[in-house]
Amino acid sequence: DIATADGGPRLVTHLARAGWLQWRDSVPAAPPRPGKGPLALRAELDDGQGFDLTEAGTQKRLAVYVVHDPAEVPGIARLGPDPLAGDFDEARFTALLAGERRQLKGALRDQSLIAGVGNAYSDEILHAARMSPFKLTGSLTPEETHRLYQALRSTLTEAVERSRGVAAGRLKAEKRSGLRVHGRTGQPCPVCGDTVREVSFADSSLQYCPTCQTGGRPLADRRLSRLLK
Ligand SMILES: [Zn+2]
């Protein structure tokens, strides 16, 4: 969400899963060539600085809106509560989950349930809580709900702390360096040393540690099962 100085329209972007904002101290003079490449939008500010919005992959979901009030953007209007807000306490978290009967991975990523948790941090939260991504919300004991709430808050708080003061151009590397399981398939879990595993879906994948999260048992990966048939 980028505001203009005079209180005029705002530029709101949704980076989707593969989008990034790359800050540029000076925007190239030559216009970008349309067509191929990940560039979705190049913005130049008054002082010659600017930024690129890029989106990798073939699924193009990045969106940009110019609005007077961010609440005009449909995706913002239906956002659930901010999990780092002062009033997002354990009772509120418990009440949110109580109305759901679904897998934890999907519930954590549902922006209308809780705002701001994507594919990477849902993996990290479930690893910190030592829970399977396929565990059902309705099956959580009060102790497990407590553990998941603590993991949600601590994981997101640490991520925000780490990114504070980091230059925009360094954010991607900084985010990667703090991840324990997400995007680390085949590497050792930093907590227990087991090999981080992956489950892939049509257009995304999740990572987890069997020892920390699933009692040492690998989860079924449909892609892998198909290859083995
Ligand atoms: Zn582990």
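Helix H2 (residues 90-98) packs against helix H5 (residues 142-163) at an angle of about 115 degrees, and their axes lie 10 Å apart. Here axes are lines fitted to C-alpha atoms, for helices over the stretch in contact, and angles run from 0 to 180 degrees between N-to-C directions. The two helices, H2 and H5, are therefore roughly perpendicular to each other, a term that covers angles of 65 to 115 degrees. The model is predicted: local features need pLDDT of at least 70 and side-chain atom pairs count only at pLDDT 80 or more, while totals for chains, interfaces and linings use all residues. Residues are numbered from 1 along each chain as its sequence is written, and side-chain values use heavy atoms, with hydrogens and water left out.

On the H2 side, Glu 90, Phe 93, Thr 94 and Leu 97 meet Thr 145, His 146, Leu 148, Tyr 149, Gln 150 and Leu 152 of H5, where contact means heavy atoms within 4.5 Å. The residues of this contact divide into 5 nonpolar, 4 polar and 1 charged. In this division, Ala, Val, Leu, Ile, Met, Phe, Trp, Tyr, Cys and Pro count as nonpolar, Asp, Glu, Lys and Arg as charged, and the others, Gly among them, as polar.

The protein chain as a whole contains 8 helices and 8 strands. Helices (H or I, at least four residues) and strands (E, at least two) are DSSP runs, numbered from the N terminus. Along its principal axes the C-alpha trace spans about 55 × 45 × 30 Å. Of the 229 residues, 33% count as buried, that is, under 20% relative accessible area with a 1.4 Å probe and protein chains only. Among contacts between residues at least 6 apart in sequence, 55% join residues at least 24 apart.

Helix H4 is mostly covered, with 10 of its 11 residues buried. Its cover includes helix H3 (104-109), H5, helix H6 (171-177), strand S8 (205-208) and helix H7 (210-213). Asn 119 belongs to H4, which comprises residues 119-129, and at 10% relative accessibility Asn 119 counts as buried. Its side chain makes a polar contact with the side chain of Arg 109 at 3.4 Å. A polar contact is a pair of N or O atoms within 3.5 Å; within protein, one must be able to donate a hydrogen and the other to accept it, and residues adjacent in sequence count only if both atoms are side-chain atoms. A polar atom of the Asn 119 side chain also lies 3.1 Å from the backbone oxygen of Ser 205. Just after H4, Arg 130 takes a positive phi of about 60 degrees.

The loop between H4 and H5 holds Ser 132, which is buried with a relative accessible area of 14%. A polar atom of the Ser 132 side chain lies 3.0 Å from the backbone nitrogen of Phe 134. Leaving aside neighbours within four places in sequence, Ser 132 is in contact with Leu 104, Leu 126, Gln 213, Thr 214 and Leu 219.

One of these partners, Thr 214, is found in the loop between H7 and helix H8 (222-228). Thr 214 is likewise buried, with a relative accessible area of 8%. The side chain of Thr 214 reaches the backbone oxygen of Arg 217 at 2.5 Å. Beyond its neighbours within four places in sequence, Thr 214 is in contact with Ser 132, Tyr 208, Cys 209 and Leu 219.

Definitions and conventions. Parallel < 35°, antiparallel > 145°, perpendicular 65-115°, else oblique. Buried < 20%, exposed > 50% of the residue type's maximum accessible area, 1.4 Å probe, protein only.
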